[in-house]
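Welcome, and please open your viewer. Below is a guided tour that goes from stop to stop, with something to select each time.

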Amino acid sequence: MNQAPADYTLYGVELSLYTGKARAYLRYKGVNWTEVMPDKKAFFEVIMPTAGSPIIPVMKTNDGDLIQDSTEIIDFIEAKEPEFSVYPTGPKQKLAALLLEFFGDEWLLLPAMHYRWNYLDQQHDFIMSEFGRQIKPNASVEEQIELGKKNSPMFRSSVPKMGITEDTIEGVESSYLTVLDQLNTHFTHHKYLLGSRPCIGDYGLHASLYAHLARDPYPKALMQKRAPEVYKWVERMNHPQEKSGEFLENDQVPETLLPILSIQSAEQLPDVLKVISANEQFINSNPGKKIPRVLGYHEFTIGGKTGTRWINSYTQWMFQRPLFFYQHLSANHKTQADELLKSIQAYDAFQTNIEKPLARKKGQLELVEQAFGQSLGAYTNTQWQFGSEPN
Ligand SMILES: N[C@@H](CCC(=O)N[C@@H](CS)C(=O)NCC(=O)O)C(=O)O
């Protein structure tokens, strides 16, 4: 029997953190999609023109649109298929969901990379063969391991640059284990973060918590033993009941999430506020130029340990999502959101006035200063138009 061609093709691989996020979402939405492991041709013809860099995931629509970035992929589908939206509408729930997306995408990346690369002795052949498999899916495992050894150093070399060093490893582990324990408690009571329906925050967490932390052998065993409810949630995320479930009533953000949001507030928000200043400084001295993905290094703290990490300019774009959502709320909704922000010690950070909002641009990964009236995303213009009132 001939199958109808897919409406959407996701270019990605199993070991990729952000592919795992987009894949789980597409499964939940039940759209007609397929996943392809990109070969050289796809990198040159699909990915490079879309992103300017060999990065995944990228999604192609059957009418030729190309979308890069897991968040943009999700927002693109949300605009087309609004039923069973992964964005709650209540101000507190939506703010919590956007914050947790940012946390999972960008902060849990530290333990994800740490447990992948700093426990290599315990999982060497698995990791290397996975890196080889994405280049030569039909080669023998031995050949894939050799290929992986040649092709993985670029990823491995980013570990110290993102701040995972002897000074901070203890902090990375203790911060992760605390979050893992808290999530385990949460998922004992709830199917997803905000009820029986996954929200955008679940997808952000799933990014780091699946491809690395629940799939690479060492952290997988750790999660299964220490946080079995989190492991079950990862499996639910990967095998969802399509378009089902509801968010909790009355805009409720479960108490069990507050300690996690407080950790984010203490660790990740100071980092992104410094990124915002660095981006602003760059724009002031280089008007009209694209902002490099890395703008030098700065100090940061995780799990009580202080180190140095790269200034990752992109994180401003992710933080703008919860920030602008909050800042454009009506007075009444803002008061409700304030309760949440105060309870997680994030109120002050959310009063930040971003002088130079940043936008994404098709064909490059580097952010640019947002032009007046321009959408903040490169591909979608529905939810995040700066100056409009999000619903
Ligand atoms: N924010 C992007 C991040 C994508 C990303 O970093 N992908 C990794 C694999 S999981 C990659 O291809 N990295 C290569 C690079 O950053 O140049 C997203 O959400 O899709």
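Is Gln 123 buried or exposed, or partly exposed? Select Gln 123 and look around: this residue is partly exposed, with 19 other C-beta atoms within 10 Å. Here a residue is buried if 20 or more other C-beta atoms lie within 10 Å of its own, exposed if 12 or fewer, and partly exposed in between, with C-beta atoms placed from the backbone.

Two notes before moving on. Residues are numbered from 1 along each chain as its sequence is written. This is a predicted model, in which local features need pLDDT of at least 70 and side-chain atom pairs count only at pLDDT 80 or more, while totals for chains, interfaces and linings use all residues.

**Around Gln 123**

Show helix α6 (residues 120–133), where Gln 123 lies. Helices (H or I, at least four residues) and strands (E, at least two) are DSSP runs, numbered from the N terminus. Two residues are in contact if their C-beta atoms, placed from the backbone, lie within 7 Å.

**The whole chain**

Zoom out. The chain has 16 helices and 8 strands. Its radius of gyration is 20 Å, close to the 21 Å that the globule rule gives for 391 residues, so the chain is as compact as a globular protein of that length. That radius is taken over C-alpha atoms, and the globule rule is 2.2 Å times the number of residues to the power 0.38. Along the principal axes, the C-alpha atoms fill a box of roughly 60 × 50 × 50 Å. Of the 391 residues, 48% count as buried.

**Two domains**

Colour domain 1 (8–80) and domain 2 (109–251) separately; these bounds come from an automatic or database domain assignment. The C-alpha centres of the two domains lie 19 Å apart. Their contact takes 17 residues from domain 1 and 19 residues from domain 2. On the domain 1 side, α1 and α3 (70–80) are the elements that give two or more residues, and α1 gives the most, with 9 residues.

**Helix α1**

Select residues 17–29. Helix α1 has 13 residues and reaches 19 Å from its first C-alpha to its last, close to the 18 Å expected at 1.5 Å a residue; the expected span is 1.5 Å times one less than the number of residues. In α1, 12 of the 13 residues are buried, including Leu 17, Tyr 18 and Gly 20. Just after α1, Gly 30 takes a positive phi of about 65°.

**The ligand**

Which residues surround the ligand? Select Ser 16, Leu 17, Tyr 18, Ser 53, Ile 55, Ile 56, Pro 57, Asp 69, Ser 70 and Thr 71. A residue counts as near a molecule if its C-beta atom, placed from the backbone, lies within 6 Å of it. Helices α1 and α3 each supply at least two residues of this shell.

**Last stop: α4**

Finish at helix α4 (residues 91–107), whose end C-alpha atoms are 23 Å apart, in agreement with the 24 Å that its 17 residues should span. Of those residues, 17 of the 17 are buried, so α4 is largely enclosed by the rest of the structure.
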